[in-house]
Every structure is written in structure tokens, then in C-alpha cells.
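I opened this notebook to record how the two parts of one protein chain meet. The entries follow the order in which I looked things up.

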Amino acid sequence: MVRAYIVSTGMAVPDRVLTNHDLEKIVDTSDAWIRERTGMAERHVSDENTAASDLALPASRDALRAAGISPDDLDAILVATISGDYVFPATACVLQHKLGASHAMAFDLSAACTGYIYGLSVAQAYIESGRYKNILLVGVDMLTKVVDWTDRNTCVLFGDGAGATVIQPRERGGVLDTVLGSDGSAAELLYQPCGGTRVPISHEAIDRKKHFLYMNGREIYKYAVREMVQSCHEVLKRCGKTIEDVRLIIPHQANNRILEAVAQRLGVSMDRLFINIEKYANTSAATVPIALHEALQQGRLHEGDLALLVSFGGGLTWGASLVQF
Ligand SMILES: CC(C)(COP(=O)(O)OP(=O)(O)OC[C@H]1O[C@@H](n2cnc3c(N)ncnc32)[C@H](O)[C@@H]1OP(=O)(O)O)[C@@H](O)C(=O)NCCC(=O)NCCS
């Protein structure tokens, strides 16, 4: 059977680093509070001239180079993002042009922090059906552009980043299976109220700060732990595997305490999870591909190893993929 294989990865973050100590000068917070509650120490923040496609581009070029293919070889470009260059058109189309990927179709996918896993399931379906052979899947977000920098509840939590992967058909290894879920009844626990057709942009909406990201952190926390654990169990069961078969869990990096709770409920020690939240904070759709890139770079995964990718985010959305390298 032909499976979707992640043949290469790449990543990019803005140069500018904002530490917890820098944040202490902006809002009423402390390095100790942020570290203890989230595990974050610093995050990368883009400047006013950098948009999502500007980060997606170098990450994608790295992944293409590592795969040994040119942009011309691409059949499809999928970009998972909720903070693209524009409301429309798709950032994937902007990226297609910048790369010069003249034969690729391109579209964006909106599943917030679960965007990469949702995208992987789409790439998986295209590859397994034989429809496409060279797919570029990118997770990119710049939530630092939509947070309220006077709100300590949210502005400390996010960073900007992009992770890119090239996905091709292989007869060994690859994505064994993916499970996905959603619950739109909780959409307003984590959302950007203004800018769509529900609350179009207006002076009044901006005066009421409706253009900023809103989050109910406590409620999200409960959902995140429950659904990430459930997704892991479900995908393992579908593949006839147990958590002991998994070499490394590559989770969405939203909060270290969420990851501790997930590890505890899965019955694994923390060293079975790849965690880089300290350096990048929550980069939304980019956390999983960035973590995967760093895990591979650090030699944490070898041929034949199973990795469990799992995420949770706005929508609400969640999902997990079991991937063999
Ligand atoms: C956001 C989060 C870190 C807050 O941690 P918490 O332990 O739940 O904290 P609470 O929201 O209960 O707030 C506790 C207190 O800390 C304060 N606080 C919030 N942010 C703070 C900050 N950056 N610095 C200092 N104090 C802060 C609150 O105002 C509150 O003060 P009060 O008790 O006087 O009202 C946590 O809820 C979380 O991580 N949730 C999940 C969010 C997430 O991952 N979202 C993305 C999903 S993809």
C-alpha cells in the first residue's frame, strides 16, 4: 500500500526574540509566572514588514532542498494558518508565486493550532488516492500580530513561526493513520471576533478591541488535555499499536502543564515528548512541524521509528497522526 511519507522538513522563525523579562516591561507579569504556568521563556516576534508567507518561504525552501526537489516539481501547496497575509486570497497562493511553483495548486486550511494535523490528513488522502505525488505542507502563524499587547492573559503565550514538510508516496513507513475531531459549540472559547462577516471591521469594533484574539484559557485547558489524550488512544487503537510502540510524541506546544497532564494520562514519562516551548512559545499551526523538524535534526527519530503527532486548537479542533519514519 502507498502511504504519505514526510520526506523532509524545514522551519523559520523571525530574528527578534522577546523574553519573559522583556514582557515584564510591557504588561504586569513576571518571568517566574510565565515559566511556572506555561514553560515558556522566550518567543520570536515578527516585525511590521513580515507576513506569514515571508516566514513560510524560507521554511519551504529548506524542506524542498532537503527533499531534493524543485518548486516546479510540486503538485500541491497546502498552508495551515489562521493568520495569513490576507483574509483572502490564500497565503498558499502567495507562497506558490514566491516559490515559482508553476504546476502547483494551492489553498489554505483553517484549523487553528491543529492545522498541521488536519493538513497532513489531506495530504495523506491525496497521496493514498494517487492524485498527487509532491505535496508541500506548511504550518505558519503570526498570532503576535493579533494579540492585544496590553492583555497579559494572552500576549505572553504566543510566538511566530513556520514549519514546512514535503510529502511523497512511499511503500514503507509514512502516515499510518490520522484521527480528527471538532466541536464548534465552543468556537468562542478561542477566536478573533472581528474581521470576518459576523463582525466586519469597523471603527466601533476596533474601539471595542474585537480585532484581537480572545481566549478563555481555563476552559481551553480542560478540553485540550481530554481531547489530546483521546486522540492518541484512538489513533493507536486504529493502527493496532500501543503507546509503548511509539518512540516520540510530537505534541502541540501550548502549555507545558497541558503536556504534563497528557503524559501522565498516557502513562509515559516527559522525556517521551518532544518539547521546545521554552524557545518558541505557542506558534499555533507551526508548533508541530517545527517540533518535528527539530526532533529529526537532533536525531530523536530513526528509520522505522513511530512518532505520534498530536494537537489541539481553536474551532475547537483536535487530532493525532501516527507516522512511521
Ligand atoms: C492561560 C493559562 C496559562 C492561565 O493559567 P491559569 O493557571 O489557568 O491562570 P488563571 O487564568 O486561572 O489566572 C490566574 C491569575 O493569574 C493572572 N494572570 C494571567 N496571566 C498572567 C500573566 N501573564 N502574568 C501574571 N499573572 C497572570 C490572572 O489575571 C489571574 O489573576 P486573578 O486570580 O487575580 O484573577 C492557562 O489557562 C492555559 O494555558 N490555558 C490553555 C491556553 C492555551 O493553551 N491556549 C491555546 C490552545 S491552542
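I take buried area as the accessible area (1.4 Å probe) that two parts lose on being put together, summed over both. I worked from a predicted model, in which local features need pLDDT of at least 70 and side-chain atom pairs count only at pLDDT 80 or more, while totals for chains, interfaces and linings use all residues. Residues are numbered from 1 along each chain as its sequence is written, and side-chain values use heavy atoms, with hydrogens and water left out.

Entry 1, division. I noted domain 1 (3–171) and domain 2 (177–324); the bounds come from an automatic or database domain assignment. Their centres, taken over C-alpha atoms, lie 14 Å apart.

Entry 2, interface. I found about 3600 Å² buried between domain 1 and domain 2, with 64% of it on carbon and sulfur atoms. Of the area that domain 1 buries against domain 2, Met 11, Cys 113 and Ile 117 supply 17%, more than any other three residues. Contact (heavy atoms within 4.5 Å) joins 48 residues of domain 1 to 47 residues of domain 2.

I looked for salt bridges (a side-chain nitrogen of Lys or Arg within 4 Å of a carboxyl oxygen of Asp or Glu), and the rule finds two across the interface of domain 1 and domain 2. I also looked up the salt bridge of Asp 148 with Lys 209, whose closest N and O atoms are 3.2 Å apart.

The side of domain 1 that touches domain 2 has 24 nonpolar residues (Ala, Val, Leu, Ile, Met, Phe, Trp, Tyr, Cys and Pro), eight charged (Asp, Glu, Lys and Arg) and 16 polar (the others, Gly among them).
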